[in-house]
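Subject: Structure handover

Hello,

Here is the structure I promised to pass on. Please open it first, then read my notes below.

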Amino acid sequence: MKIKEVSTKEELFKIADDTYEVWNNSLSIYDYKVYQSVMLENDWAKKNSKYIYLEDKKQILSSLKLYQIKVMLEGVRYKCYEICAIYTKKEYRNRGYASYL
């Protein structure tokens, strides 16, 4: 198994095909893929986010988005990370893949 960062639209669209049912927010599959592409190419996202996935034998097992955000608490700035959009294909669930990521 290998952890990889999404770097191509082909990888992104493979994940979008898998995650569409859960994360589509009433968008068509086409619009969902356009939205995901914009997020991948957006300047802010390029600096502050990663879309990673776990692959084994060219199969995407699980994926998630990781955002770096800055927060201020009692006047002190902190760099934090937000993990979101965690998804594991049904046939690979309950094997610890999301935790591995």
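Start with Tyr35, which lies in helix H2. The model is predicted, so keep that in mind throughout.

Glu55 is 25 residues from Tyr30 in sequence, and their C-alpha atoms are 24 Å apart.

Now the overall layout. The protein has 4 helices and 4 strands. Read from the N terminus, the order is β-α-α-α-β-β-β-α. The C-alpha trace spans about 45 × 30 × 25 Å along its principal axes. Of the 101 residues, 34% are buried. Take the contacts with a separation of 6 or more: 50% of them join residues 24 or more positions apart.

Next, the helix pair. Helix H1 covers residues 9-23 and helix H2 covers residues 29-41. They pack at an angle of about 125 degrees, and their axes are 9 Å apart. That angle is why H1 is oblique to H2. The crossing of H1 and H2 is right-handed. On the H1 side, the contact is made by Lys9, Leu12, Phe13, Ala16, Asp17, Thr19, Tyr20 and Trp23. H2 contributes Ile29, Tyr32, Lys33, Gln36, Ser37, Leu40 and Glu41. By class, the residues of this contact are 8 nonpolar, 3 polar and 4 charged.

Then the core. Nonpolar side chains tend to be buried together in soluble globular proteins. Which residues form the largest nonpolar core here? There are 6: Val6, Leu12, Ile15, Tyr51, Tyr53 and Ile60. H1 and strand E2 (49-56) are the elements that give two or more residues to this core. Leaving out residues up to four places away in sequence, Val6 touches Glu11, Leu12, Ile15, Leu40, Tyr51 and Tyr53.

Over to strand E3, residues 59-73, where Val71 is placed. Is Val71 buried or partly exposed? Val71 counts as partly exposed, because its relative accessibility is 34% and buried means under 20%. Its contacts, again without residues up to four places away in sequence, are Val76, Arg77, Tyr78 and Cys80.

Last, two backbone points to check. Most residues other than glycine have a negative phi. Asn25 has a positive phi, near 50 degrees, and is not a glycine. Asn25 sits in the loop between H1 and H2. With a relative accessible area of 70%, Asn25 is exposed. Lys58 is not a glycine either, and its phi is positive at about 65 degrees. Where is Lys58 found? Lys58 is in the loop between E2 and E3. Lys58 is exposed too, with a relative accessible area of 69%.

Best regards

Methods
Residues are numbered from 1 along each chain as its sequence is written. This is a predicted model: local features need pLDDT of at least 70, side-chain atom pairs count only at pLDDT 80 or more; totals for chains, interfaces and linings use all residues. Side-chain values use heavy atoms; hydrogens and water are left out. Axes are lines fitted to C-alpha atoms, for helices over the stretch in contact, and angles run from 0 to 180 degrees between N-to-C directions. Angles under 35 degrees count as roughly parallel, over 145 as roughly antiparallel, 65 to 115 as roughly perpendicular and the rest as oblique. A crossing is left-handed if the near helix is turned anticlockwise from the far one by less than a right angle, and right-handed if clockwise. Contact means heavy atoms within 4.5 Å. Ala, Val, Leu, Ile, Met, Phe, Trp, Tyr, Cys and Pro count as nonpolar, Asp, Glu, Lys and Arg as charged, and the others, Gly among them, as polar. Buried means under 20% relative accessible area, exposed over 50%, partly exposed in between (1.4 Å probe, protein chains only). A nonpolar core is a set of buried Ala, Val, Leu, Ile, Met, Phe, Trp, Tyr and Cys residues joined through side-chain atoms within 4.5 Å.
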